[in-house]
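Reader: I've got the model open and would like to learn how to read its helices and its chain contact. Could you walk me through them?

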Amino acid sequence: MQYPEPDWLEQELKSALARKDPPGGFADGVGRKLAGSGPKRARGKVIEWPVRPARRWIAAAAAVVLAVGGAAGYRRYQGEMAKRQMMQAFFIAGSKLNHVQTHVLEVSQ
Amino acid sequence: MTATVLERPEQTDLDFAGLMKQHQAMVFSVAYHYLHNRDVAQEVAQDVFLSLHRNLASIESPAHAAFWLRKVAVQRAIDEGRRRMRRPQVALDDVAEPAVAAAPGDPLLGETLRKLIATLAETPRMVMILRYQEDLDPMEISEMMEIPLATVKSHLQRSLALLREKLARRHVGER
C-alpha cells in the first residue's frame, strides 16, 4: 500500500516524538528491581494460598471446620480433666473422713 | 550485584543486558510520550524490562523481543495512564499559547506538539505515538493494538486534523 509523502506537520511530529534515552541509571534501576523482586515476594507471602477461587473456598471451609472441631474437642478434654480432678478430690476427702472416723471410734472405746 | 543479575544466563541465547541497551530508548519513549511524565515513564519502562527478564525463556529471537517489548510497553503505558487519572494528563487549555508563533523546525513547536498529543484520548494518543515515534504503518499499529485498521486510519486523520486546527489558531504552519 502506498501512503502519501508526509507533509510538514508529519515531519514535525516525527521530530517531536523522536525516541529519547531514559535518564541515567536506568539499567541499574532495573538491576535493583530484579535483585529485590525474588526475596521480597518470598518474605511477603508466609502462606501460599491456592490460586483458584474454588480451592480457596475449600481451604477456608476446611480451616473453619478444623478450628470449630478443635475448639469443641478442647472443651470436652477440659471437662474430662475437671471431672477426673473432682473424683480424685472426693476420693481424698473420703479417705480422710474414714481415717478421722476410725480415730474417733478408737478414742470413744 | 546489579551487573551479576543483568548478566545471569537464562534458558536462551538472548542477552538480557544487550536487549535492554538496544531497546531502552524505545520502551522509555513510548511510556514518556504517552504519560508525559519522566519519572513515571522510567518506572513503567523498568517494569517492562522486569517482565522481559521473567519471560526471557519464551522469547524466540531478537525480532520477537523487539515486538514483545513494544507491545508490553504500549499495554503498560495505557494501564498506567488509566490507573493515574482516566483522562489526559494535560488539559487542552493548559497548553500555553506561545507569545511568538512557533515556526516549523522550531524546538518550541516540538514541545507544543508533545503537549497537544498528551491531550488526546488514550487510543488516538497511542496510535499517534506508534505512527510518528515508532514509524509503524497503520496495519502494524492495528496488529499491535488489536484494533481494526479502519479505526487506526480514522484516529490518525482526526488527530492530524485536530492538531492542524490547534496550530492554525497559533498561526503555525501558515506559509
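Reader: What covers the buried residues of H4(B)?

Author: Contact here means C-beta atoms, placed from the backbone, within 7 Å; helices are DSSP runs (H or I, at least four residues), numbered from the N terminus. For H4(B), the cover includes H2 (16–35), H3 (38–54), H6 (122–132) and H7 (138–145) of chain B. This is a predicted model, where local features need pLDDT of at least 70, side-chain atom pairs count only at pLDDT 80 or more, and totals for chains, interfaces and linings use all residues. Residues are numbered from 1 along each chain as its sequence is written, with chains lettered from A in the order in which they are written.

Reader: Which residues of H4(B) are buried?

Author: Buried means 20 or more other C-beta atoms within 10 Å of a residue's own. Among those in H4(B) are Trp68(B), Leu69(B), Arg70(B) and Arg76(B).

Reader: How do the axes of H1 of chain A and H5 of chain B cross?

Author: Axes are lines fitted to C-alpha atoms over the stretch in contact, with angles from 0 to 180 degrees between N-to-C directions. H1(A) (residues 8–16) and H5(B) (residues 107–118) come within 9 Å and cross at roughly 85°. They are therefore roughly perpendicular (65 to 115 degrees). Glu12(A) and Leu13(A) are among the residues making this contact, as are Leu113(B) and Arg114(B).

Reader: How many residues does each chain put into the contact?

Author: Chain A gives 26 and chain B gives 32. On the side of chain A, H2(A) gives the most, with 11 residues.

Technical notes. Helices (H or I, at least four residues) and strands (E, at least two) are DSSP runs, numbered from the N terminus. Angles under 35 degrees count as roughly parallel, over 145 as roughly antiparallel, 65 to 115 as roughly perpendicular and the rest as oblique. Two residues are in contact if their C-beta atoms, placed from the backbone, lie within 7 Å. A residue is buried if 20 or more other C-beta atoms lie within 10 Å of its own, exposed if 12 or fewer, and partly exposed in between; C-beta atoms are placed from the backbone.
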